[in-house]
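Subject: Structure handover and findings

Hi,

Here is the structure for you to look at. My notes follow below it.

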Amino acid sequence: MKKMLLIAILSLCVCGVVNAADITGTWEGYFKSNLGYAEVTMDLEQDNRTFSGSWEATSGGYGSISGKISGKSLKFSLYNEAEDCTATYTGKGKLSGNGNIISFSFSGKDCLGRLRGSGKIYFQD
C-alpha cells in the first residue's frame, strides 16, 4: 500500500513538472520546406494548455498561430494571412528538455502548391 501511495505521489510530481512548460514569449528560428528556406519570428502567449500568437517569415508570409500544448508536445494550426497567398497549415512540435527550443514539422497547401517542412525556433525573451 505504501508503495502504491509513493508511486501516486511521484506521478503527480512528474505530471506537475511536465505540465509546467510555458512557451510565452518571442521565438526566432528557421524552417526548411520543399519550397525553400526562411527565417521566422513568433510571438506566443500561453493560457493553460492552449497558445496563440503571431508569426512572420523572411519569405513574405505572416499571420497567426494557435494550438495546444501537452507536456512537451505541441499541435498547432498556422494561418498565412499574406494577401497574395492565404493558407492554413497544420503541424506538431516538441519542446526541448530545457524549454528553450521547439522543433516542429508542418504541412498544408497554398497558392504555390503542397507545402511540407520542418524547423526550429529558439526562445529569445
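What percentage of the 125 residues of the chain count as buried? The figure is 35%, where buried means under 20% relative accessible area, exposed over 50%, and partly exposed in between (1.4 Å probe, protein chains only).

Some ground rules. This is a predicted model, in which local features need pLDDT of at least 70 and side-chain atom pairs count only at pLDDT 80 or more, while totals for chains, interfaces and linings use all residues. Residues are numbered from 1 along each chain as its sequence is written, and side-chain values use heavy atoms, with hydrogens and water left out.

Overall layout

The chain has 1 helix and 8 strands. Helices (H or I, at least four residues) and strands (E, at least two) are DSSP runs, numbered from the N terminus. The order from the N terminus is α-β-β-β-β-β-β-β-β. The accessible surface is about 7,900 Å², computed by the Shrake-Rupley method with a 1.4 Å probe; for residues, only the protein chains shown count as cover. Carbon and sulfur atoms hold 56% of that surface. Contact means heavy atoms within 4.5 Å. Among contacts between residues at least 6 apart in sequence, 30% join residues at least 24 apart.

Gln-46 and Asn-48

Gln-46 sits in strand 2 (residues 36–47). It counts as buried because its relative accessibility is 18%. Its side chain makes two polar contacts. A polar contact is a pair of N or O atoms within 3.5 Å; within protein, one must be able to donate a hydrogen and the other to accept it, and residues adjacent in sequence count only if both atoms are side-chain atoms. Another is the backbone oxygen of Asn-48, at 2.7 Å. Leaving out residues up to four places away in sequence, Gln-46 touches residues including Ala-21, Thr-24, Phe-51 and Ile-69.

Asn-48 lies in the loop between strand 2 and strand 3 (50–57). Its relative accessible area is 66%, so Asn-48 is exposed. Its phi is positive, about 55 degrees, although Asn-48 is not a glycine. Most residues other than glycine have a negative phi.

Gly-63

Gly-63 belongs to strand 4 (residues 62–70). It is buried because its relative accessibility is 10%. Beyond four places in sequence, Gly-63 contacts Gly-53, Ser-54, Trp-55, Tyr-79 and Glu-81. Its C-alpha atom is 9.8 Å from that of Thr-88, 25 residues away along the chain.

Best wishes
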